[in-house]
Amino acid sequence: MSSATRFRRLSAAVAIVTATAAATGGAILFSPKIATNDRGGGPAFDSVGQKIADPRAVIPSRAAQESVLTGASASNPLDVLVIGGGATGCGVALDAVTRGLRVGLVEREDFSSGTSSRSTKLIHGGVRYLEKAVFNLDYGQLKLVFHALEERKQVIDHAPHLCHALPCMTPCFDWFEVVYYWMGLKLYDLVAGPRLLHLSRYYSAQESLELFPTLAKKGKDRSLRGTVVYYDGQMNDSRVNVALACTAALAGAAVVNHAEVVSFIKDEANERIIGARIRDNLSGKEFDAYAKVVVNAAGPFCDSVRKMAKNDALPMICPSSGVHIVLPDYYSPEGMGLIVPKTKDGRVVFMLPWLGRTVAGTTDSNTDITLLPEPHEDEIQFILDAISDYLSVKVRRIDVLSAWSGIRPLAIDPSAKSTESISRDHVVCEDYPGLVTITGGKWTTYRSMAEDAVDAAIKSGKLSPTNGCLTQNLRLIGGDGWEPSSFTVLAQQYVRMKRTSGGKVVPGVMDTTSAKHLSHAYGTWAERVAAIAQNEGLGKRLAHGYPFLEAEVAYCARNEYCESAVDFIARRSRLAFLDTDAAGRALPRVIEILANEHNWDKARQKQELENAKKFLETFKSSKNAQFHDRKH
């Protein structure tokens, strides 16, 4: 398609959406699905909200949660049993339990151990999908963008301590690009409508370099003409996921990680699934849990769950690999991301500040499904090549602190030639009686995906919820009452008591960096972590240069179902994702604290160290990858 044609189509799209917005008073094309009293308030919503926001609330223990599952008999079954503890599965559990249903959830590994912890960390509508919608005249893609932008604002509002708006800079190296991206991103603003985060705007070349000092002034023999900055959301993905699981537990759901479905229980009369045989992977114990409906939210593994029910089930997903790398903080300024709009093969690559470092990605290629996907060296080099064209700093392979791969469970389109052309929309189906499967979609739309899955489960099991969906306005644990200034309470009222190598406990200041970290990671529950640091002598940092405290290990073991060393370094803290080498150095102390919390013997501690080292080997930092750094 020629530049002139692209420009005409974009101009027409902007005009159409602007006219539609004016005619509908800003409610562009779509409005929220339904608006019941409970969505914005009402007794059911208030009751659930009070449970979650209660400052004296106690998260049920894993043993107590498992006892609920073992007690779910044929005569007294759960309403819903969810398989999968990713964003969608935990979202389903939270949605269902807040509708007054009896809910259980099992996850083979840990909450967010799969795709949900390996995202780009963006909460976004999809600029690329909007471009495709315009130039392919694809209403389905446009509808997906509208819906995602509606959900984007809600995700940020539900966990304000873990999510925030992030400006993203789009470099322009000729005046056509300036006009093209300015119009396209204004269209993105218009589509967001009342859920707009901030207006996009143009910055001159000089202003852009002041905002992003490492941005290249020249690219491929062209001079920088300016940039267009727009806004999307950013999150700490696995901590949002863990917050979903803990919020569901507080609301009454029985959520159990490290518990695997090994087979289904079927009604002999009509072959309907009425429960599952579950193995506790920590104890090895097996038990039956009965449920009126089972929801399959196993992400990339949803087809293997479906094949447990029906051996010849046709595949529903096309797995796609997405690789990300983490670089030092100097690659990007704090508070400003960079989007590379066109790589050599037509993909989009982001470079974003995240938890004091820079995350860059992603790739999009076909892959096999595995529990521990590993990034290929050529994918890492692809990302480095893509960002090096736009930066003045030398981009080096030895700067890669961590690199990981995640598997997206994309819904299959049989006519698609590559995963790039597959829509990220989700699919809900019941292709075997009693088993509702939800797959596809993306992190941003997890809440509405869960709502659709619960609606389908209610219909399948003829369930009787006490109220409608409440999750549209429900804050997650730690979010209610949190403010950006909440960290000051920690800094002023707590100290970090640190135990020296000789066993002596000495006081240390609760510095601003530590206070901000705790506040953003745990929200209003951060004071509980600070109290452990102060009262139990666990105020020392786990790794030099990172704000993670020893107290967090104890807190997560007691309150967040942290059952292994990998659970902590990967999903409760993000040390494995930020710096593989630092995570390795922190392991002995992490295991020592967890052993004290869970009464591990020496053999278990040794096994934990081996498992964690094996896990970290799949993160291809410069220190654990074989490469020849001639190009970068």
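K462 is exposed (over 50% relative accessible area, where under 20% is buried and in between is partly exposed, with a 1.4 Å probe and protein chains only), because its relative accessible area is 72%. K462 sits in the loop between helix 13 (446–461) and helix 14 (487–493). Phi of K462 is near 50°, a positive value in a residue other than glycine. Helices (H or I, at least four residues) and strands (E, at least two) are DSSP runs, numbered from the N terminus.

This is a predicted model, in which local features need pLDDT of at least 70 and side-chain atom pairs count only at pLDDT 80 or more, while totals for chains, interfaces and linings use all residues. Residues are numbered from 1 along each chain as its sequence is written, and side-chain values use heavy atoms, with hydrogens and water left out.

S112 lies in the loop between strand 2 and strand 3 (122–123). With a relative accessible area of 0%, S112 is buried.

Strand 2 (residues 103–107) pairs with strand 9 in the parallel sense over 4 bridges; two strands pair if DSSP finds at least two bridges between them. V106 has V256 of strand 9 as its bridge partner. Strand 9 (residues 254–257) is covered on both faces, with A254 and V256 buried on one side and V255 and N257 buried on the other.

Next comes a hairpin. Strand 10 (residues 259–266) and strand 11 (residues 273–280) run antiparallel and are joined by 7 bridges. One of the bridge partners is R279 in strand 11, which faces E260. The hairpin has 6 residues between its strands, and E271 in the turn has a positive phi of about 70°. Elsewhere, a cis peptide bond with omega of about 20° joins G361 and T362. T362 is in the loop between strand 16 (357–361) and strand 17 (365–366).

Two packed helices are described by the angle between their axes and the distance between the axes. The axes of helix 10 (residues 237–251) and helix 18 (residues 565–572) come within 8 Å and cross at roughly 115°. Axes are lines fitted to C-alpha atoms, for helices over the stretch in contact, and angles run from 0 to 180 degrees between N-to-C directions. Contact (heavy atoms within 4.5 Å) is made by S238, R239 and V242 of helix 10 and A570, R571 and R572 of helix 18.

An unreviewed UniProt entry annotates residues 469–605 as "domain: Alpha-glycerophosphate oxidase C-terminal"; such annotations may be inferred rather than shown by experiment, feature names are shortened, and positions are given in the numbering used here. Over residues 469–605 the chain is 53% helix and 7% strand, and the end C-alpha atoms are 43 Å apart. N535 is found in helix 16 (residues 526–535). At 59% relative accessibility, N535 counts as exposed. The C-alpha atoms of N535 and R496 are separated by 8.7 Å, although the two residues are 39 apart along the chain.

Rings of Phe, Tyr and Trp (its six-membered ring) pair if their centres lie within 6.5 Å, and planes under 30 degrees apart count as stacked, over 60 as edge-to-face and the rest as tilted. The count comes to 12 aromatic pairs. Y330 and Y331 are stacked, because their ring centres are 5.2 Å apart and their planes are at 20°. Y330 is partly exposed at 41% relative accessibility, whereas Y331 is buried at 0%.
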